[in-house]
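Subject: Structure handover

Hello,

Here is the structure for you to look through. My notes follow below it.

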Amino acid sequence: MRKLRTVLTALLAAAIPAAGLAQARGGVEGRVVDPAGRPLASAEVSVVRARSTTDADGAWRITHLEPGLYRIVVRRLGYRPAAQDVQVESGRTTQVTFTLELVPFTLDSLVVSAPPSSISTTDAEYGTKLTVGEISLLPSTFDIRHLIALTPGARPDQIWGGASDQANSYSLDGTAVNHPGLGGALLLPSPSWIETLEVRGLGAGADVGGAQGGLVEVVTLGGRNVIEGSLRTSFESQRLNGTNLIPGEVGTELASRRELDGQVRGPLVRDRLHFAVFGHVIRQDQQVLNYLPYPPGAFVPQPPSFREERGLAKLSWKPSGRDLLEGSLMGQYQDGERVGQTGYEAVDATERLRQSNLTGNLTWQRSWSPRSALTVRVGGFTAREWHDPYNYGVTPGIELLTEVNPPRYQNAAFRSGAAPSSLGLSAAWTGRGRLAGLEHEVKVGGEYTLGGWWYDRQRNGGMTWRPLRVLGFDAGTPATWRYLGAIPTAWGGDVRIDSDVRNAALFVQEQIGILSWLRFNPGFRYAWWTGDLTPATGGPRFTAVGDAALEPRVGVVAELNALGGLVAKAHWGRYHQPMFAALFDRVMGAGTYSNEEIWSYLGPPPANPAQTFTLGERDSLAAAGLFRFDEVVRLDQAGRVEQYRQPYMDQAVLSLERALGTRWKVGVAYVHRTNRDMVALVDRNLASNYTVVDNVIVLDRFGRPVVFAGRPLVVDKLAISNEDILYVQRLLRQGQLLDPNTLYAPPNMTLAQLTFLRYDPDYVLTKVPEATRRFGQLQLRVDGRYRTWWAGASATLSTLKGNYNVVTGPDDYTNGGPGPWVRLNEQYNFFGALNNQSRFEGKLYWGGLLPARFRGGVFFSYATGDRVTPTLPIDGLLSEFAVAVPSMSNPAVLDTVPFHRFLFRSVSGHRIFIQPRGTYRYEARASLDLHLERSFPRGRTEILLVVDAFNVLGDQSVTGIQTQVNALAGFAGSDYGRVRSRVAPRTLRLGAGVRF
């Protein structure tokens, strides 16, 4: 205790003089505006080594300056730099307002006017921000999520270890555009419309919510006091490109793409009212390898095709010197023909896509002074999406009964419709000043979002014909479908949900200047979430789940000038997942999912392949012995809510950054993330509802061993449902099962054990303490900014381990259903290295002006392969399971005796990892993309010729394989390891445009 008092006394003695020095110093603050008086956000303000970035109100502040004369320099993309000499007095904060002049909106001017590299010394964030100049010089993309790839350690669908895209949050001009049903982004603009794209989340303050993965903030271009715009087009074709489609593999590639993209921006009333209008038209065709014998050919004869139109309109109005109003409206329409092809579908078994959405927002900014500003936003979206069959909803599909790649004929199996919507309101006030002798910047605000999600999927014709692969099969001749006197059929699998979600929060985020070199940034966010459902069978709407929690955030920023201008940052924070419908769609009473059942038709073959049966007709025929129930894929499990908690992630970030002059900066950061309170459906009696059998031999449907790694496959553990054991025992007592060479119960199970066997599922929707995801990443980055070029590089080392690879729902890409805490088989080997993350990843990018009016950019990336694990899907119709037991005639000899397939009726669809998760890794991949354009100035206009080249190195790395070890290829033989995807091939895109 005495030692602690001594240390505290010494620290206090050191702090008092430092605080006194801080009070004797001065500072500068102000706003940056355009000639119309509108605030300019993201402007870079520098005073010697100190730097600040303007906020949405154009305000900035730099403190702890020794008295004296300083030159303040302001830079902002698209505007001429400005400088002014200011006298700083002791104990006072001098106010300065900068008005930046426009520069012609050409790429050359954008590059030249870009601010130099800088390090924020006010907040603890560590993210990435791209501007319009940088985006324009990069190899162009049509999906802005691909720009996320420039962020160190991030991918378009998984940002810093986030649990898939559902863990990310997206905003468009300040309005959230997150999917209320599935999570992730619903609608994003074209890349050429973007002014800035920022990826946040590492060290984000309390004003940021819903960033378990990352927060992607997109700001679109707006109008200025000059008429400006552009019109561009591009074209690509497989005739100019390479291909990574290899016969025998499953895959699809772009066949051709044409686009036309235009925009016009300018003033309606100079200095007061400005507009921006954007439009984008896309036509796209794909090519798909063909694996149906008729019609023959390397590619499907009628491949998928898409057309899409997007539009955006923006207005900004400055009614006074203190107010700014901005509004926008964005719409999109897309349709697709013959979508969803894998090469195993007849053209009439594909789908027609129709999708439309509309989003809008309105923002009001009010500035009383550089020290006080308010921002209020309201916005939302609505969308519709339909997947329709070509032969309408009354015709059943024909789908062969195989584990993977089932050939499909006559009609799609399902039709679906979806309608997500959202409406949100947010407000935030920012204040700056001195309190108790310390500099403070506080942001106080709140937000409220109401989202809706309606989804409906129905089986066409009420059933699907599922014949087995047999020699001589002809989809148009039902007489060829029979195998052992039966034709399997599929029923159910329908989905219907009608839900609302509410996400709300209040927050306060502080930035406190403790000393001249030290800032302390505490923040608190109190959030609450609610999910409502209407039962699928009808009835009143009810509240399914709800929760509220505090999210503390704390950061420290230290300018270590004695170490050469090193800036050290530390931040810890808690981030909850926003509410979306997938978190509560398995609440009891929802009726969201229905089981998928397999029934074998035992009657005469139908005369017409389009013949169908109703449920009543099926049950009547079953009573007459003409339908037989075979198995069920349990999908309808639902439970009561117990101890529900909103999933969250605890994050710690440590970083060091250093500026090398005014043009370069280097940084290193360590990120640690742990997911907690992940939500799942749990069977409280899971362990007692299953009987586990060790060392089970896996056979194909012909009784032959399934070979894996050169040896017959034996799984260490296989869980058999007690429900199926009891059902088989009942059939035995009724004398319906008589084969002496078949096991009707797990070996060594005594009659007493069978007597006490129970099946009593107790489902609850709850947090799962056993669910784990842990992410660690070490980042190294270098950035440089010059007047005519910019460059950067990053390298990351990452680990991602756990047993649950999502926030909620099915555990992995290999299966659906309620998850591993209802399906015991899915817990075997489920802890390990999770997929969709590279151990090492390196990125290098450059862009700038070249001689002879050329300009361009380069992006190179290298990544070690993702993790992959062999799996075994359980299906009693397509596989057999056996054990080695002592022979009845000679106990010293072991016989392989199969289990009766009825023992697997209710575990069909379960997945087993047959090796520890993440045992294997895909091969490493490298990609080099280039952008080159030539400018032909014509007065205030420039004409552009553009060439983009992707995967210049011709990499063919595999990114996905068939993981099911018991999947059949054709009539017999294994399909395990078959390539399902490779990196995109070498591609050349030609374009032209005009900018004015």
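How many bridges join S34 to strand S42? There are 2, and the two strands run parallel. Strands here are DSSP runs of E with at least two residues, helices are runs of H or I with at least four, and both are numbered from the N terminus.

Some ground rules. This is a predicted model, where local features need pLDDT of at least 70 and side-chain atom pairs count only at pLDDT 80 or more, while totals for chains, interfaces and linings use all residues. Residues are numbered from 1 along each chain as its sequence is written, and side-chain values use heavy atoms, with hydrogens and water left out.

S34 and S42 (763-767) belong to an open sheet of 3 strands, in the order S34-S42-S37 with mixed pairing. Strands pair if DSSP finds at least two bridges between them. S34 (640-641) and S37 (679-683) are the edge strands; each has a single partner, so one side of each lacks a neighbour in the sheet. Val-641 has Leu-765 of S42 as its bridge partner.

**Nonpolar cores**

A nonpolar core is a set of buried Ala, Val, Leu, Ile, Met, Phe, Trp, Tyr and Cys residues joined through side-chain atoms within 4.5 Å. Buried means under 20% relative accessible area, exposed over 50%, and partly exposed in between (1.4 Å probe, protein chains only). The largest core holds 40 residues, and Leu-197 and Val-218 have the most contacts inside it. Elements supplying at least two residues each include helix H3 (132-137), strand S13 (194-200) and strand S14 (215-220). Another core, of 39 residues, lies apart from it; Leu-686, Leu-754, Phe-902 and Ile-912 are among its members.

Leu-197 touches Ile-144, Leu-147 and Val-218, among others, leaving aside residues up to four places away in sequence. Contact means heavy atoms within 4.5 Å.

**Strand S29 and the surface**

A nonpolar surface patch covers about 830 Å², with Trp-368, Trp-429 and Phe-524 among its residues. Patch residues have over 30% relative accessible area and no salt bridge; like charges are joined within 9 Å, nonpolar side chains (Val, Leu, Ile, Met, Phe, Trp, Tyr) within 5 Å. A salt bridge puts a side-chain nitrogen of Lys or Arg within 4 Å of a carboxyl oxygen of Asp or Glu. S29 gives the largest share of the patch, 3 residues.

Phe-524 lies in S29. Phe-524 is partly exposed because its relative accessibility is 43%. Trp-529 also lies in S29, but Trp-529 is buried, at 4%.

Best wishes

Terms used:
Accessible areas come from the Shrake-Rupley method with a 1.4 Å probe; for residues, only the protein chains shown count as cover.
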